[in-house]
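Subject: Structure handover

Hello,

The structure you asked about is below. My notes on helix packing follow it.

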Amino acid sequence: MANDLELIDVHKKFGDFVAVHGVSVAIPQGEFFSFLGPSGCGKTTILRMISGFIDPTSGAIKLAGRDLNGIGPNKRPTALIFQNLALFPLMSVADNIGYGLMVRGVSSAERRKVVERMLELIALRGYGDKRIDELSGGQKQRVAIARALAVEPKVLLLDEPLSALDLKLRQHMRQELRAIQRSTGVTFIYITHDQGEALAMSDRVAVMSQGRIEQVGPSAEVYNQPQTAFVASFVGENNAIAGKVAASEYGYAVLDTPFGRLRAANPRNVAAGEAALLFVRPERVRLAAPGANGADNVVESQVLDGVFEGPVANILLANEGQQRPITVSLSNDGNTPRVARGERRRITFSPDDAILLPPASRPVAEAMPAEARA
Amino acid sequence: MTEALQRFGYAGVGAILFGVLFWGALLIVAPMLLMVDLAFRPYLPNPKDVGGPLDVYTIQNFAKVFLDPLNVWVFWKTIYASILVTVVSLLIGYPLSYILVRAGRSAWIGILMIGLLIPFWVNEILRTFAWQLLLARYGFINTVLMGLGLIDDPIQFTNTDFGVQVGLVYAYILFMIFPLYSTMESLDPNQVDAARDLGAPFWRIHWDIVVPHSKPGIASGCIVTFMLSAGSYVVPELLGGTRSIWFTKLIYLQFDAINWNLGSAYGFTLVSLCLVFILLVMAMFRVSLKDIAR
Ligand SMILES: Nc1ncnc2c1ncn2[C@@H]1O[C@H](COP(=O)(O)OP(=O)(O)O)[C@@H](O)[C@H]1O
Ligand SMILES: [Mg+2]
């Protein structure tokens, strides 16, 4: 098996409640793979099934072709980093890192060597004798990673490990995690509800909703080519414009919306007459030059508000009586045009930057036509 | 303190402080000191001699305690049996507490806890009588064992040290379980899972994670169980009868014979040894008084 870790149609039920619903995914050795989804969508349940703390109700989890069913967490070549880290407060940093080796009966001389190497890896040389409560949040984080890596797992499982850190440290730790993953070559399976985190670190991301995987792919693909309305709205900022398909051909469709007729890519082939949502990223919408026209969509609307966010300035536009404004992100590159509140403005975006998706969040595999699935 | 002053005023706070001090000094410390004082004075049958030239400090009472081989034997038996009761209570209480904690908030646990508690709403004497019925020569246990054909003749449980020990374990095991339960409950379950995930087998998880965390609870449970066992009067009296004499009985007999001085010496000896035991346990578990009071 080239694929290191495989989940095959994994279900998990708690009583009548289905927490994980038919998850199938193959994760090659050495990949940084993320499960991304809102809280309660079943991410932790998946991680606990991979680490062996709970068994799937049905389906199989295989590592290098071997079915892991019935193998306890202490016998699996996986290591889990807990949401609250769960470092052992009564042991020193070195004892924490060496614990997995100690229970495996590794000699103390050998253990010391590994602990030294691990401390080096996490840039905490000389911290071995410190107590856990003497460390800062970021240092604890790194000790937890070292403790898990010391047993040389094939797969490292991380359960929202950065959620307790403050923003600056979180962003720093993203890079650090990524660097550690590259240098060790261990498969990282990372779960998070923070889409920025998932996109920034992962080779591939699985976006989850209500126990199902909505879409799997590289960060850029999940961001640029969402296949469901859920993915489009959950991953990153997106404008959603509801409407009814007027015509559909050659992978494009025309949608009747409160902003007028708009053209968009139609990857899911929503048929004419059906309701659909048009998604277009705020950074793909521009202010139109006066009198400009052509193949692009053009919308004229009233400026409701402007929100300055540093690298970008967001402008919110809506017509009288519409609740959902369109957001336009203008990059703060020194040439940002001035826009006044209440002003009427024309905005424009290419049909190639707009994606038409069915409004109901259906699982991709069931909803996609057969030829699109191939 | 300022809040208390606001609520109760100086007079109120003064009254409360006085109450606490009065309670502590007059009702606890003073009798203890009096007992120590008595223990080091000779028994004078004629009350006129008390405070007279004959009433001098002496260790003759303690000499009597330690020179009588029967006393010494009963004394060590009491200590040994109390240690045994403590160890057995720990061996039963530890897994029970752990199961109770890990089983979480299920309805079964509530029922089990109530089941543990209800017998303790009944007076200690009545509870011990119940065990007398269970352990009696033709009591419940012997009847069942004979009915199953496991034994031919009834086993003598009552009036033996064994019977007393069973009764003591039953009487005081809750004092072991509650401190254990409350320390174990404060252990983050992820700690246990983390150790397991790192490859620790079942017994290592307990030895490395659960026991170290629960040490204050283990220590205070052991101390309380030991003290109560060593100081128990009712259980040995009812289940031990005349055959199984315990040290508390010897103390009682001296006071009964109006020899308060010798009785005090007996009592002082027992209290001192219990203190030594506490300090030993604390040293063994490397816990401080602060941990235990937690
Ligand atoms: N042991 C359990 N018993 C019952 N329901 C559970 C249990 N564990 C998780 N769940 C439920 O399963 C769903 C998914 O939980 P979880 O995997 O923790 O979500 P996430 O990690 O994505 O926030 C939640 O609705 C949660 O309430
Ligand atoms: Mg979770």
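Helices α2(B) and α12(B) cross with right-handed geometry; a crossing is right-handed if the near helix is turned clockwise from the far one by less than a right angle, left-handed if anticlockwise. This is a predicted model, in which local features need pLDDT of at least 70 and side-chain atom pairs pLDDT 80 or more, while totals for chains, interfaces and linings use all residues. Residues are numbered from 1 along each chain as its sequence is written, chains are lettered from A and ligands numbered from 1 in the order written, and side-chain values use heavy atoms, without hydrogens and water.

α2 spans residues 60–67 of chain B and α12 residues 260–285, with axes 9 Å apart at about 65°. Axes are lines fitted to C-alpha atoms, for helices over the stretch in contact, and angles run from 0 to 180 degrees between N-to-C directions. Contact (heavy atoms within 4.5 Å) involves, among others, B:F62 and B:F66 of α2(B) and B:L262 and B:Y266 of α12(B).

α3 (residues 69–102) and α9 (residues 202–230) of chain B pack at about 140°, their axes 9 Å apart. They are therefore oblique, the class left after roughly parallel (under 35 degrees), roughly antiparallel (over 145) and roughly perpendicular (65 to 115). This crossing, too, is right-handed.

B:Q165 lies in α7 (residues 161–185) of chain B. B:Q165 is buried, at 14% relative accessible area; buried means under 20%, exposed over 50%, partly exposed in between (1.4 Å probe, protein chains only). Beyond four places in sequence, B:Q165 touches B:A81, B:L84, B:V85 and B:W246.

Regards

Note on methods. Helices (H or I, at least four residues) and strands (E, at least two) are DSSP runs, numbered from the N terminus.
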